[in-house]
Amino acid sequence: MTQIIWNGLFVGSFYALVALGYSMVYGIMKLLNFAHGDLYMLGAFIGFALLTSFSGFTATLSLVALLVVLLLSMVGTGLAGVAIERIAYRPLRSAPRLSLLITAVGASFALEYGMRIIAGPNPQVYPVRLGGSSVHVLGARIGVAQLVLIGVAIALMVTLNAMVMRSRQGRAMRAIALDPVAARLMGVDVNRVIAQAFFIGSALAGAAGVMAGSYYGSINFLMGFIIGLKAFTAAVIGGIGSFKGAMLGGVVLGLLESFGTHFLGGQWRDVFAFAFLILFLTVRPTGLLGERVTERV
Amino acid sequence: MTTTKTAKPPNPPTGGGLGNAAKTVLRSRWIGPIGLLIGAIAPILIATPYAMNVMTSALIFVMLAVGLNIVVGQCGLLDLGYAAFFAVGAYTSGILATRLHWPLLATIPAVIVVTVLAGIVVGGPTLRLRSDYLAIVTLGFGEIIRVTANNLSITGGPEGIYGIPSLSVGGVDLSNSVVFYYVVLAIVACAVLGANRLIRSRLGRAWRFIREDEDAAEAMGVHTYRVKMAAYIAGAVWGGLAGVLFGAQLSAISPASFTFLQSALVLMAVVLGGMGSTPGVVIGALFVTMLPEALRGLSDYRYFAFGALLIIVMVLRPQGLWPARTRETARTARRSATFDGEVRIR
């Protein structure tokens, strides 16, 4: 039982990291960034490329090297996110929502199959594998690496939350989420702040990608698709646009899946998650912590 | 919209005689019969098994695209799991035909019933949601159907169902590739015509009204939930029937045919063709199926190019390559464009 809960919390922390970026972009732009899951994939591949090119160091300093690689991958995916926003989303910011969603699907395709051209269709084996020692807590076997990864995830989330709630940029983001036109009138550089939000959200997804790669050991160009869906599900469960909601939703989804896998078997895990999403939306469309969205006319 | 764009009417006349000529042809009322004629002549010109196969697949794809066009193009509901209905139709008829040995024709009523149910099941709880949620939920629904088909024993698991009989009417076998092509051509032509009649009906007007402004439609007394549901069910039935044809053509189906990729390709056809315009969507579907065949050597770049093309078309021509004909006068078009600009700077 403890093992199931622990596995759920662990997977949930990945979902929460990706869901945060989803929620952030949605909160500010009201755009479902379909390419978000693929930025997670991109992060995993950037981390893979860095780790293979520095394989001499990683043999000795695996955890420290991994953290450095993690940071570099975050910068890389963050810049990629900003580029996507600039090329595919910004020109359509005043267009109907449907066109914007379709460009997001296009961006997702371009990332997935662009990576397929670069890295080939076969899964790649991650050079750093976090297995190793484990500790026993209340009958559950918990890897030290798992603890470190959860620690990193929590640190990233706390930092983000502090940034959005306390810093100047965070205030600007919240202002744009509330009313972009008024924010612009008040002197907020809307384009810059949106680019920043994309950078941060994409960087978090990239971090989750590197962590997942080093934990599961294998990456492929389609790995972002399903996690994008899951992260959205998590964001919706928590209440899309709310930061605490995204974190809570990720953990809840992780736990649900963990129990679902235990009782129904692994092959039904995704069915379980999406069926839950559909049911959940009919009962509570605004999520656990979401506010009632008022239609702006 | 930016100020420069607001000044323009939605369909600015493109320069060049070729563009205008193409537009005249596309807007002529003879476009349907001409297209049918070209489809009918094609096997006489080229009748290799490969060509027949490609052309039949293209026709089935046209049917899918026309069905999705009702949902996305007319009603503005983004469905990213359209392949689910395709799969539901193909599997329903495949299971009935192979397990219970029904003739394929007899499975069609069952397919219609099951796809309508599928449309209600997924649409019922979700159509009250706004576009983004609906998009993701349909995507999730598509995955649910695919994974379910992959794991159940009645659907044959990952291997799928094989040995599906071809179409036959009253004991006359229609499995010859040219004969089958003509049968599919006739069915798809009816489907396109049927979709077009629906679009021009009172219901079709309600769909477009919802696409343009759901709140206004509601305020004007359109029962938006019911009308959206009608669009969803119509799309589901079209997709399901295309699934029957697909099973009959290949005689085997497997979950690999019903991935998100398939849904995205149909969406691509609708968007490229011009959302809401039937001739545009038909041409878009033919384009999406024929072009990869023409560019077989580029297979690795194919889907990358698709993604890039989606972005480029949306950025440069948000209405699609062959947009729907609007009957608005220039003056109302200009006014609604300005109105658009005022509301949508959000």
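Is B:Val271 buried or exposed? That's where I'd start with this predicted model.

1. B:Val271 comes out buried, because its relative accessibility is 1% and the cut-off for buried is under 20%. You'll find B:Val271 in helix 12 of chain B, which runs over residues 260–273. While you're there, have a look at B:Arg317: 46 residues separate B:Val271 and B:Arg317 along the chain, and their C-alpha atoms sit 9.9 Å apart.

2. Next, how helix 12 of chain B packs. Two packed helices are described by the angle between their axes and the distance between the axes. Here the partner is helix 4 of chain B (residues 49–74), with an angle of about 75° and axes 9 Å apart. So helix 4 of chain B is roughly perpendicular to helix 12 of chain B, since angles from 65 to 115 degrees count that way.

3. Who makes that contact? On the helix 4 side of chain B it's B:Phe61, B:Leu64, B:Ala65, B:Leu68, B:Asn69 and B:Val72, and helix 12 of chain B brings B:Gln262, B:Leu265, B:Val266, B:Leu267, B:Ala269 and B:Val270. By type, the residues of this contact split into 10 nonpolar and two polar, with no charged ones.

4. Over in chain A, take a look at A:Ser202, which belongs to helix 9 (residues 190–216). A:Ser202 has a relative accessible area of 1%, so this serine is buried. Setting aside neighbours within four places in sequence, A:Ser202 touches A:His36, A:Leu39, A:Thr77, A:Gly78 and A:Gly81.

Conventions:
Residues are numbered from 1 along each chain as its sequence is written. Chains are lettered from A and ligands numbered from 1 in the order in which they are written. This is a predicted model: local features need pLDDT of at least 70, side-chain atom pairs count only at pLDDT 80 or more; totals for chains, interfaces and linings use all residues. Side-chain values use heavy atoms; hydrogens and water are left out. Helices (H or I, at least four residues) and strands (E, at least two) are DSSP runs, numbered from the N terminus. Buried means under 20% relative accessible area, exposed over 50%, partly exposed in between (1.4 Å probe, protein chains only). Axes are lines fitted to C-alpha atoms, for helices over the stretch in contact, and angles run from 0 to 180 degrees between N-to-C directions. Angles under 35 degrees count as roughly parallel, over 145 as roughly antiparallel, 65 to 115 as roughly perpendicular and the rest as oblique. Contact means heavy atoms within 4.5 Å. Ala, Val, Leu, Ile, Met, Phe, Trp, Tyr, Cys and Pro count as nonpolar, Asp, Glu, Lys and Arg as charged, and the others, Gly among them, as polar.
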